[in-house]
Amino acid sequence: MSKAKSAYSIPGKKGKLDTHIIVVWVDNEAGVLARVVGLFSGRGYNIESLAVAEVDPKLNISRITIVTTGTPQVIEQIKLQLKKLVPVHKVANFMRNDKKVIFKEMALFKVVGNDLKRKKALNACKKYNAVILDKTKKSCVIQITALRREIDLMAKNLKKLGLVSLSRTGAVAMTRGADTFR
Amino acid sequence: MSKLYSGAEIVFKCLEDQGVDTIFGYPGGAVLPIYDELKNFSSVKHFLVRHEQGAGHAAEGYARSSGKPGVALVTSGPGATNIVTALTDAYMDSVPIVCISGQVPTHLIGTDAFQEADTTGITRPCTKHNWLVKDVKNLAKTIHRAFEVATTGRPGPVLIDIPKDVQFQKTNYTKYKKLKKLNGKAKNNFSQSEIDELIKLMSNSSKPIFYTGGGVINSGPKASALLRELVYATGFPITSTLQGLGAFPGNDNQFVGMLGMHGTYEANNAMHDCDLMINVGARFDDRITGKIDEFSPKSKKVHIDIDPSSINKNVKVDLPIIGDVSEVINATLRSIKKKKLNFTKSNKQKISKWWEKIEKWRSIRSLDYINSEETIKPQYAVQRLYELTKDKDTFITTEVGQHQMWAAQHYKFDKPNRWMTSGGLGTMGYGLPAAIGVQVAHPNKLVIDIAGEASVLMTMQEMSTAVQYSLPIKIFILNNEYMGMVRQWQELLHDKNYSESYTAALPDFVKLAEAYGCVGMKATTPEELDDKIIEMLNTERPVIFDCRVDKVENCFPMIPSGKPHNQMLLGPSDKKEKKITGKGKILV
């Protein structure tokens, strides 16, 4: 017999990986984020980005937006496992390329350099709703909102224009039109 | 103004309102206020264990054998970390446990205080939910919620961490009224059309099988009764997982034995070749499925489970039915009776060829072993134990390893809640404290822990508990001086390199028993075995029975790693088997 030296079965075929955005409504209580994140790490799911804040102070509800990759089976498991958590009220998920959903990330760029460089940097950022939040003779802080890959690209391009510091958020999402997440 | 109660009093008020009469625990600094109140609540009896893990497993044994939640009370820091194994075990096997732990006073939390541990952090992944109660006003609400979470839906362990200052603080207590409504996470979510679809699949199938699991037991005795009715009505074969044993009588002809890694030849082959698999409260665990890509390739799969996240987790199914087992089976039976009065007859005809095939597999007698007159074969010991106890209402617990599988194979259960074993987590040392919990729940019944000598030494200290409370548990040790299952894997897969699997300095179990103040016994030959077992059964005190068995016996049949169900290893080869086993049946 062939020697599989393990008491466990060998891994089966791997399915295709998709990127999904998962939105979770939870009670805003101590440890709730740890429960959600712990579920991901404990079961070997992956988190690409994470955004969380209270959205309803009256009902004490926070909204967590998680970008993750996985096979359709894994995504389904993530949803079902999240729904089992006691403080979780509602879970929604959609594919990253879903046309019915908007999602955005925000980034802050600190650019240090002469006028020309800073101007060039600002110009490059223009199409992503650029806002200048701070300005000195040598530096500026630019805020943009864009997609993940656009921010990735900007971060790369701004390097030669004096980018010294980058801070960015996880993605947040919302449906287009009058519909809300079920 | 109504009377004010301290947090410690509220703990007991809540336990009383929940109908809890038994707790297992161990005192310590951070739970002293609760222990101080114990004397004032005579309806709650406390059992002092010798290690917090023992409290957890005893609570598990209590819960599994009685259907009520088990309650454990431990102190902060090491008390809480010691019970983590038992909580994880309960989580894997869906056992309702409520664990109350003490915590350092709130103003000291986060300061690395004496016996401080982040208990809710540590137990977060091994409980259904846990709470740190920082305000006494929330205490009663939290405890009642904890019981609700533990016992509804798919049951499981919960933990409530109570800082010492909260135990002293005072507040009002209003009597708890049990809500009829189920926890929002545990609805019966199936429709009549799904039941109709199931019945359609059942009447069209020519090679069906029921694959039942612990969910049937967890759904209560009614679920087992309904399952029997359904299985008899259909005439289908039925197999069971380790945890489901007892839901259907083990000696009934329609029962084809346990399935999985050490399941019977007929059960595993039937699972592989069937055209309809009806999973009732089981979870397609890796010890059941073997190689997942080749798991039952030709079948339509139905999965009845109360936990939606069990559906399609490991195996893709065609018809998921989310609901409580007894509700689903009840609905199915009702529909069968209403629509197809002759379902039974027409079906039995249709599947008679299937039964012929199963009988052929069965004739291989895969559980057989070569008996000996000189040494006690472990299988023989379990068989004799079964024969000599089957007329009593016997409760069996086990440790983990070869003896556990032999017990599952050769002890035939015919009632639910009689079989307590650590399946999911595979916790060595489970059986002895679990037996204590079972005996507490059933004071006048016979409770036997079928044990291995290595496992039982992990929680041996709990014999002291058994003696203290005069709990006449019987520890039946199949002693082969090896960690048998480890030794078996080393023999089969690691070139007989028996690395650290032999215990060279075992205690004398008879003297050990005497040291604990219970009864020690020993059997070394098959000849004396029966008499010794009878003597054990007639002893009204706790017994440690050292049954010296064959040191190198292996547990067969067996699905080797990474193989599908139809490629089983059968027992020590004999000629008859070689003829019957065809292509792909590898013999050792």
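1. H3(B) and H19(B) cross in a right-handed way, meaning that the near helix is turned clockwise from the far one by less than a right angle. This is a predicted model, where local features need pLDDT of at least 70, side-chain atom pairs count only at pLDDT 80 or more, and totals for chains, interfaces and linings use all residues. Residues are numbered from 1 along each chain as its sequence is written, chains are lettered from A and ligands numbered from 1 in the order written, and side-chain values use heavy atoms, leaving out hydrogens and water.

2. On the geometry: the axes of H3 (52-66) and H19 (431-441) of chain B come within 6 Å and cross at roughly 45 degrees. So H3(B) is oblique to H19(B), oblique being what is left after under 35 (roughly parallel), over 145 (roughly antiparallel) and 65 to 115 degrees (roughly perpendicular).

3. Who touches whom? From H3(B) come Gly54(B), His57(B), Ala58(B), Gly61(B), Tyr62(B), Ser65(B) and Ser66(B), and they meet Pro433(B), Ala434(B), Gly437(B), Val438(B), Val440(B) and Ala441(B) of H19(B) (heavy atoms within 4.5 Å).

4. Worth a look in the loops: Asp112(B), between strand S5 (97-103) and helix H6 (119-123) of chain B, has a positive phi near 55 degrees. Asp112(B) counts as exposed, at 74% relative accessibility (the cut-off is over 50%, with a 1.4 Å probe and protein chains only).

5. Arg365(B) also has a positive phi, near 50 degrees; its loop runs between helices H16 (352-362) and H17 (378-389) of chain B.

6. Finally, check the cis peptide bond between Phe556(B) and Pro557(B), with omega about -5 degrees. Pro557(B) is in the loop between strand S20 (543-548) and helix H25 (575-580) of chain B.

Terms used: Helices (H or I, at least four residues) and strands (E, at least two) are DSSP runs, numbered from the N terminus. Buried means under 20% relative accessible area, exposed over 50%, partly exposed in between (1.4 Å probe, protein chains only). Axes are lines fitted to C-alpha atoms, for helices over the stretch in contact, and angles run from 0 to 180 degrees between N-to-C directions.
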